[in-house]
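I opened my notebook beside this structure and wrote down what I looked up, entry by entry. Come along and check each place as we go.

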Amino acid sequence: MKASNSFDLLVVFTQPPLTASLAKEGLDLSLVNSTFEQQTGLIFLGAGVLQLHPNQQPDILALKGTQAMLQALGLYDINQLFVDEQALLDYSLTTADLLLPTESCNPLQLQKLLATSRNVLTF
Amino acid sequence: MKTKTFVLNVTGAPYASLAPLSALRFAKAALATGHKIQRVFFYQEGVTLANGLSCPPQDEINLTKEWQKLAAEHQLELAVCVAAALKRGIIDAKEAARYGLEQHNLAEGFVLTGLGQLVDGMANADRTVTFNS
Amino acid sequence: MASLHQLNAQHKLANCLKLLAKTDSLVLIEAAVALAVQADFLQQLPQGVSVFALSSDLQARGLLNNCSPAIQPLSDAEWVAASLEADRVCSW
């Protein structure tokens, strides 16, 4: 591993909540990655920021949702969550509205995260 | 040219997406140019390639068989995410016994395994390439 | 530390553009090769991005001869080489 890499794996969420099993499978992978002592960073891009929307009630559709998994991220030492600044504007959200503490990033900052990570997967 | 190792991560289903076909093309080209495929991992909808009961029409490509053939020729590891597979009805004899099911359908040459195999592969290969739906 | 962005569907372009840096490259595969013949496609990309499209995917769809001269068709072997030339592949 090169010392300049900020993350071994960058996981990018691009879809709104309850888009099939996409977010769940991205979070599963993030947690497993962390148990292998690999540094994991999460980006919520475009409609993916809605994954962190606070008022989700997936049980209305008899779905499990990802809220419990998101809350568990900290236990797995995954504390670096980045959100797409433009997407927050597009959806009239601020970082204070979101389920978890995140860092708002402009395009150059997002591109830098990718440029300094070893691997990337999009969900 | 220096030999490099690849991990391929296939997340799109056969027939519903081109992911298994594109990954097959990539794998063949990588092997033909002297590189190694350390592992092919099937995740999300990609696990359905491992359904041994799929019977596409005879005049259409049988992607499961094509992958089996390439894997046999080059001793490739075809690793299928067990959690994603069970959810989608892809099951081997051992899991069938565990869940009290009478049937199983995991195609020969594929093996059910944990997500850790993808993580391990990504950490160790020179390059990981994902094929999405 | 450049990335090769691998795009397989036109509707994923908007998200891809958010992470596409001017030093990165982009390879169009599968049905996304349709972008290679779309008039305003290249104008949406940051200046300096190298753009490739898979030859077989273009040819299979009858688009190889209409492909913009600014887009380089790649054989499957060249696709493998491009993935190694970059520091990582970002598949959309």
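**Entry: a serine in a loop.** I looked up B:Ser17 and found it in the loop between strand S1 (5–10) and H1 of chain B; helices (H or I, at least four residues) and strands (E, at least two) are DSSP runs, numbered from the N terminus. B:Ser17 is buried, since 21 other C-beta atoms lie within 10 Å. For that word I use these cut-offs: buried takes 20 or more other C-beta atoms within 10 Å of the residue's own, exposed takes 12 or fewer, partly exposed lies in between, and the C-beta atoms are placed from the backbone. Setting aside residues up to four places away in sequence, B:Ser17 touches B:Gly12 and B:Ser133. A contact here means that the C-beta atoms of two residues, placed from the backbone, lie within 7 Å. I also noted B:Leu118, which is 101 residues from B:Ser17 in sequence and 21 Å from it in space, C-alpha to C-alpha.

**Entry: a note on the model.** This is a predicted model, in which local features need pLDDT of at least 70 and side-chain atom pairs count only at pLDDT 80 or more, while totals for chains, interfaces and linings use all residues. Residues are numbered from 1 along each chain as its sequence is written, and chains are lettered from A and ligands numbered from 1 in the order in which they are written.

Entry: Is S1(B) mostly covered or mostly open? It is mostly covered, with five of its six residues buried. I then followed its pairing: S1(B) and strand S2 (residues 36–42) of chain B run in the parallel sense over six bridges. Two strands count as paired if DSSP finds at least two bridges between them. In this pair, B:Asn9 stands opposite B:Phe41 in S2(B).

**Entry: the core.** Which residues touch the most other members of the largest nonpolar core? They are B:Leu8, B:Phe42, B:Val80 and C:Leu28, in a core of 96 residues. A nonpolar core is a set of buried Ala, Val, Leu, Ile, Met, Phe, Trp, Tyr and Cys residues joined through C-beta atoms within 7 Å. In soluble globular proteins, nonpolar side chains tend to be buried together. I picked B:Val80 and, leaving aside neighbours within four places in sequence, found contacts that include B:Phe42, B:Ile90 and B:Phe110.

**Entry: where chain B meets chain C.** The contact draws 15 residues from chain B and twelve residues from chain C. On the chain B side, helix H1 (19–32) and strand S5 (127–131) each supply at least two residues. H1(B) gives the most to that side, with six residues. By class, the chain B side has seven nonpolar, five polar and three charged residues. For these classes, Ala, Val, Leu, Ile, Met, Phe, Trp, Tyr, Cys and Pro count as nonpolar, Asp, Glu, Lys and Arg as charged, and the others, Gly among them, as polar.

**Entry: where chain C meets chain A.** Here eleven residues come from chain C and 14 residues from chain A. On the side of chain C that touches chain A, helix H1 (13–19) and S5 of chain C give two or more residues. H1(C) gives the most to that side, with four residues.

**Entry: the sheet of chain C.** Five strands form an open sheet in the order S4-S3-S2-S1-S5 (chain C), with parallel pairing. Strand S4 (71–74) and strand S5 (88–91) of chain C stand at the edges with a single partner strand each, so one side of each has no neighbour in the sheet. Strand S1 (residues 3–7) of chain C pairs with S2(C) over four bridges in the parallel sense. There I found C:Leu4 opposite C:Ser25 in S2(C).

**Entry: two positive phi values.** Phi of C:Glu30 is near 50 degrees, a positive value in a residue other than glycine. C:Glu30 is in the loop between strand S2 (25–28) and strand S3 (50–54) of chain C, and it is buried, with 22 other C-beta atoms within 10 Å. Phi of A:Asp77 is near 60 degrees, again positive in a residue other than glycine. A:Asp77 is in the loop between helix H2 (67–72) and strand S3 (81–84) of chain A. Is A:Asp77 buried or exposed? A:Asp77 is exposed, with 12 other C-beta atoms within 10 Å.

**Entry: chain A overall.** I counted four helices and five strands in chain A, and along the sequence they follow the pattern β-α-β-α-β-α-β-α-β. Of the 123 residues of chain A, 41% count as buried.
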